[in-house]
Amino acid sequence: MSRVNELKDTLFIGSRERDDLYGRVFVVSAFGGITNLLLEHKKTGEPGVYALFSNADTDHGWHEALTRVEDAMHKLQREVLTHPADIEQADSFVAERILGARNCLIDLQRLCTYGHFRLSEHMLQIRELLSGLGEAHSAFVTTLLLHRAGVNARFVDLSGWRDEGDVTLEERISKAMNNIDPHTEMPIVTGYAQCAKGLMREFDRGYSEVTFSKLAALTGAREAIIHKEFHLSSCDPKIVGEGVVCKLGRTNYDVADQLSNMGMEAIHPQAAKTLRQADVPLRVTNAFEPDDSGTLIDDQPADVPAVEIVTGLDIVSLEVFEQDMVGVKGYDATILEILTRHDVRIVSKVSNANTITHYLDSSLKTMRRVEKDIAKAFPAAEISTRTLAMASVIGRDLSGLSVLTRGLVAIADAGLSAIGASQGPRNVDVQFILDRDALQPAIKAMHSAFIETNEPCLTRAA
């Protein structure tokens, strides 16, 4: 979104004229970096307004952080807008929203000085309030930009700003879209939508794709399109090189789910479920290559078996061994309950007579707490954790390709060794467990074996 001025001339308008401009609804995220400033940095954990407010010993930290958000918004909109009148409108919009949020937080702090009220009970609503500021800002600025270019754009604010909050997501979207004619207007919709259930409670920062998918389903969209800065490709070009990765072109929701499991989301799994159930196909395109059709994701099987993607992620293995486990029920259920309680994401698992091993996407800090709880439940068990990595070969149909065998051979030929490997009966993915420093070389070796040695792909994708 920070490059929306470039997208104006490609994605939003491009070669389209008059009526061809319309018939499209755009759901936008916040400008780059704004959500990090509002909440906390997604990668480094550096506290933003929310994190500082939730741990505030004094008012100064979060007040200063909110001022930094305001300054960043002013700077970003000056990089996008050129007309003084548009800049003035955007400045007024930011000032009104930031002041409203600041007053809300001050009032809440004051209210919670009374013993009847607990700040902790309101933190989720505060997180949602702050998140909505980012999307509302980018949608408003984008609407101004398009108006100046002659497009009949319409700002659609789903953030619930000074609006009644006791509505469902469906009601929020339907009410906002009720009087809009997308054939003569271009709705610019906020990715965050306020509703009684609270999107962030379940989806946290994945909320914009949930809003996007629900909007597509409710409006009966012919197609849902996610515009990214890159193509959905056979591998990370940073690992194997830009010249050898292939644009997928076509895949299905089953593959999209496997990608999500590997931390490489084409779309949030819940959003994919909504689209799949509504029979709305999804297309992932490169926003800066508007003439490229991108990759279509639907529910159709592959015409022929083929490897489509090789990817991987760092994991932590949790191994629980107890000699007396064999034939006894309850171990698996107890371990699963503990992992759920600590909000640990399970990537995969294997087990035998007396050992259950989970491969997890988690921090070692969290794993220490998990180990402690499992030890309480099973005092005689031997519990161990280990930092590892998982490489995965994915495709709509891998039957008959001997992926497990060929993958192990490719890994060995690269001078590496696999700690473990598994393949399920659905034939959509094969997983290889490796030491962390072997992950990228193994991905590169298997991409060479499964993708680069086949017929040249029709479209190479950077």
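Which residue in β13 is the bridge partner of Ser422? It's Gln431. Some notes on the rest of this predicted model follow.

1. **The antiparallel sheet.** Ser422 and Gln431 belong to a pairing where β12 meets strand β13 (residues 429–434) through four bridges, running antiparallel. That pair sits in an open sheet of six strands, ordered β9-β10-β8-β11-β13-β12, with antiparallel pairing. β9 (345–351) and β12 (420–423) are the edge strands, each pairing on one side only. From one strand to the next, the twist averages 30°.

2. **Around β8.** Strand β8 (residues 309–321) is joined to strand β11 (residues 382–394) by 13 bridges, and the two run antiparallel. If you want a spot to check by eye, Val320 stands opposite Ile383 in β11. β8 also has six bridges to strand β10 (residues 355–361), again antiparallel. Over there, Val316 has Leu360 in β10 as its bridge partner.

3. α11 lies across β8, β9, β11 and β13, and runs at about 95° to β9. Helix α16 (residues 439–452) lies across β8, β11 and β13, at about 130° to β8.

4. **The α11/α12 pair.** Helix α11 (residues 253–261) packs with helix α12 (residues 269–277) at an angle of about 170°, their axes being 10 Å apart. Since the cut-off for roughly antiparallel is over 145 degrees, α11 counts as roughly antiparallel to α12. On the α11 side the contacts come from Tyr253, Asp257 and Ser260, which meet Pro269, Ala272, Leu275 and Arg276 in α12.

5. **β3 and its parallel partners.** Now to β3, where five of five residues are buried. Met186, Ile188 and Thr190 point one way from the strand, Pro187 and Val189 point the other way, and all are buried. β1 pairs with β3 in the parallel sense over three bridges, and Val27 stands opposite Val189. Strand β2 (residues 153–156) is joined to β3 by four bridges, also parallel, with Phe155 and Ile188 as bridge partners.

6. **The main core.** Ile188 turns up again here: the largest nonpolar core has 52 residues, and Phe12 and Ile188 have the most contacts inside it. Elements that each supply at least two residues of this core include α1 (4–12), α4 (60–80), α5 (84–111) and β3 (186–190). The largest share, 11 residues, comes from α6. Leaving aside neighbours within four places in sequence, Phe12 is in contact with Val4, Leu7, Leu21, Arg24, Phe26, Thr142, Leu146, Met186 and Ile188. Apart from this core lies another, of 29 residues, among them Ala216, Leu275, Val284 and Ile297.

7. **Thr211.** Is this residue buried or exposed? Thr211 has a relative accessible area of 0%, and buried means under 20%, so Thr211 is buried. Its place is in helix α9 (residues 207–219). Not counting residues up to four places away in sequence, Thr211 touches Leu158, Ile173, Thr190, Gly191, Tyr192, Ala193 and Leu199. Thr190 in that list is one of the buried β3 residues from point 6.

How values were computed
Residues numbered from 1 in each chain as written. Predicted model: local features only at pLDDT ≥ 70, side-chain atom pairs only at ≥ 80, totals over all residues. Heavy atoms only, no water. Buried < 20%, exposed > 50% of the residue type's maximum accessible area, 1.4 Å probe, protein only. Contact = heavy atoms within 4.5 Å. Pairing = 2+ DSSP bridges. Core = buried A, V, L, I, M, F, W, Y, C linked by side-chain atoms within 4.5 Å. Axes fitted to C-alpha atoms, helices over the stretch in contact; angles between N-to-C directions. Parallel < 35°, antiparallel > 145°, perpendicular 65-115°, else oblique.
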